[in-house]
Amino acid sequence: MADIDDAAIERMLRRLAQRIESEKDHLCALDSAVGDGDHGVSMTIGMRGLTRNLDELDSPSAAEAFRAGAEAFADDVGAAIGPILEEVFEAAARTLEEHRDLASTATWAAVFEAIARAAQDTGGARPGDKTLVDAWVPAAAAIRSAADAGADLSAGLAGAAEAAWQGVEETTDLVPRLGRASRLGERARGHPDAGATSASIMIEVMRDELGSPGAAS
Amino acid sequence: MRPWNVVDMKKLINDPFDFVEESLEGFLLAHEDLVKRVGRRAIARIDAPIEGKVGVVIGGGSGHLPAFMGYVGRGGAAAAPIGNIFASPPAKPILEATLAANGGAGVVYSYGNYAGDVMNFDRAAARAKTEHGIDVETVLVTDDVASAPKDQVDRRRGIAGDFFVFKVLAAKAETMADLASVVATTRRANDYTRTVGVGLSACTVPAHGKPTFHLADDELEVGLGVHGEPGIRRSHIEPVDALVDEILGIILADKDYGGSDVAVLVNGLGATPYEELYIMYRRARQVLEGHGVGIRRSYVGEYITSLEMAGASITLMQLDEELHDLLAAPAKCPMFVQMGAARG
């Protein structure tokens, strides 16, 4: 498969920013059923900040590119999702400082595991609490199994995306335990979680941009 | 050319994503004699920091004016970070506000109890301590009776009671009291405060473009949260006296103010006329006097709004002499001006 270089990571993140903005209304609609309806807006503000920060960098490394996202979510967003996404991007950045082989499934398994941990540590959510953790935890498990089985990155990211969307599906029947959404109690049942959905979109963009041969031409 | 769908949203705005910045810009220009910008999303009173004085930082999401930045000024808060609409400010502007408020005697954060706010303010407090050696204490406002049962008071969110708690906090800091006394008095103010609201219609967050929740034309919800969190009871519209009786019944069942002196706040959420607030106040006064509650101070108006949401809330704060005097102390802030009041 094709090499994946630092520039491919930057391209992937820019593509992610566009994709999230195009899903803004959908994410808000999901969040209206479960929370206060601002998830698409918060994510869009963070992603616009990411793009702005990338514009200011000259050929950023993969770690620097993810850190541009951490800084955007730290400075521009607020709410609970700001610090959580800050730590998600920061976890990816730190992992990519150590693991420099960007085409290796094991590198991305380490990234996903660090993100899943960061998402839990920052917001205090555990699997089953109807949050983005319900996408990242199964995705990390899937890509780790793929790495252990010697699968290539394309297969690893495809498995991760599938597991993440399965996780989103399962949030539909859950009742949130944390944050403003928890105030809704039973009213929140029957709708998938917006944070898990945006996490799955992120993983899907990684699959499409990094996983398909030739994507990093 | 319009960047949004005007059918969903009839607002006097430009690009919805510029809403917070442009309104902040106008606010700072209109009140340049009272406040100054101390960060991209943080403001402080013009004379902050004041040496030896406890720094008061209040804050939260935008969309609630006069809260929060309208209460920065003399007799008000020293500084306020400004969040996106209905979203806690990030740690960075909170830290900028903290530095602007810091007069070397410690800083008190006070804000409504929401998960996002707690997360960001706590992160800022940790950085203030480790990076700048500033002692920060936090007093969460938890006045909303409808948001959690009595045995889980700590889970209650903060709504209009913010105003009473912030006012007491700021006035106490003005006396040059030390950090521990400022915190103790502010906690007492919060412990003594209860609010129950009623929502009539939702509001639209500009960058979202659609109402945050839905109530039918003839529906109201008692206890509805200011961001659309569910309340206690949804029903058809009814005469307001019955509604005021119900609201006060819920408050008095939670904390019996009978035999106490209180301050009363009837707060409009943004789209309810002052006339209706006075109709509510009139009934509240009848009920409270009938219950043996002594009303020493009254506030009727828009103190904490939710954009153009319709509805109102009633807040009671029990008063002792100190809380009375602090609440009555003069203030000159961009959106709250009070003369020094005679005792009574």
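Q: How many residues of chain A are in contact with chain B?
A: 24 residues of chain A are in contact with 26 residues of chain B, contact being C-beta atoms, placed from the backbone, within 7 Å. This is a predicted model, where local features need pLDDT of at least 70, side-chain atom pairs count only at pLDDT 80 or more, and totals for chains, interfaces and linings use all residues. Residues are numbered from 1 along each chain as its sequence is written, with chains lettered from A and ligands numbered from 1 in the order in which they are written.

Q: Which helix of chain A gives the most to that side?
A: H3(A), with four residues. Helices are DSSP runs (H or I, at least four residues), numbered from the N terminus.

Q: Switching topic: how is chain B divided?
A: Into domain 1 (18-141) and domain 2 (193-330), with bounds from an automatic or database domain assignment. Their C-alpha centres lie 26 Å apart.

Q: How many residues does each domain put into the contact?
A: Nine come from domain 1 of chain B and 12 from domain 2 of chain B.

Q: What does Trp136(A) touch?
A: Leaving out residues up to four places away in sequence, Trp136(A) touches Phe112(A), Ile115(A), Ala116(A), Ala119(A) and Ala199(A).

Note on methods. Two residues are in contact if their C-beta atoms, placed from the backbone, lie within 7 Å. Helices (H or I, at least four residues) and strands (E, at least two) are DSSP runs, numbered from the N terminus.
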